[in-house]
Amino acid sequence: RDLHSFPTRRSSDLPLREIVDMVRGRFGGDLIGARLEQGECPVYVLRWRMPDASVQDIRVDAVSGQFR
């Protein structure tokens, strides 16, 4: 997925690139895929390969950047 444009992103949402950089800084590892769940409180769901090769889904508030 092109990290520079996320088609369903609202102007109040943080850019996916910023979220990816934040998650990488906190956990290490690499992005496998991402989606944006719309709603009253939109959430990015990132499928993430951790440094130990495990895969986790990480949920981040799209407006505040807080981990959920």
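Colleague: What is the order of the three strands in the open sheet?

Modeller: Start with what counts as a strand: helices (H or I, at least four residues) and strands (E, at least two) are DSSP runs, numbered from the N terminus. Two strands pair if DSSP finds at least two bridges between them. Here the order is β1-β2-β3, and the pairing is antiparallel. β1 (30-37) and β3 (55-61) are at the edges with a single partner strand each, so one side of each has no neighbour in the sheet. From one strand to the next, the twist averages 20 degrees; axes are lines fitted to C-alpha atoms, for helices over the stretch in contact, and angles run from 0 to 180 degrees between N-to-C directions.

This is a predicted model: local features need pLDDT of at least 70, side-chain atom pairs count only at pLDDT 80 or more, and totals for chains, interfaces and linings use all residues. Residues are numbered from 1 along each chain as its sequence is written, and side-chain values use heavy atoms, leaving out hydrogens and water.

Colleague: How many bridges join β1 to β2, and which residue of β2 is the bridge partner of Leu 36?

Modeller: Seven bridges join β1 to β2 (residues 43-49), and the two run antiparallel. The partner of Leu 36 is Tyr 44. Asp 30 has Arg 49 as its bridge partner in β2, while Glu 37 stands opposite Val 43.

Colleague: Which residues take a positive phi in the hairpins?

Modeller: In the hairpin of β1 and β2, with five residues between the strands, Gly 39 has a positive phi near 150 degrees. The hairpin of β2 and β3 also has five residues between the strands, and there Ala 53 has a positive phi near 80 degrees.

Colleague: Where does helix α1 lie?

Modeller: Contact means heavy atoms within 4.5 Å. Helix α1 (residues 16-27) lies across β1, β2 and β3, at about 45 degrees to β2.

Colleague: How many residues of β2 are buried?

Modeller: Buried means under 20% relative accessible area, exposed over 50%, partly exposed in between (1.4 Å probe, protein chains only). Five of the seven residues of β2 are buried, so the rest of the structure largely encloses this strand. For the protein as a whole, buried residues make up 34% of the 68 residues.

Colleague: Is Asp 13 buried or exposed, and what does Asp 13 touch?

Modeller: Asp 13 lies in the segment before α1. Its relative accessibility is 2%, so Asp 13 counts as buried. Leaving out residues up to four places away in sequence, Asp 13 touches Leu 36, Pro 42, Tyr 44, Ala 62 and Val 63.
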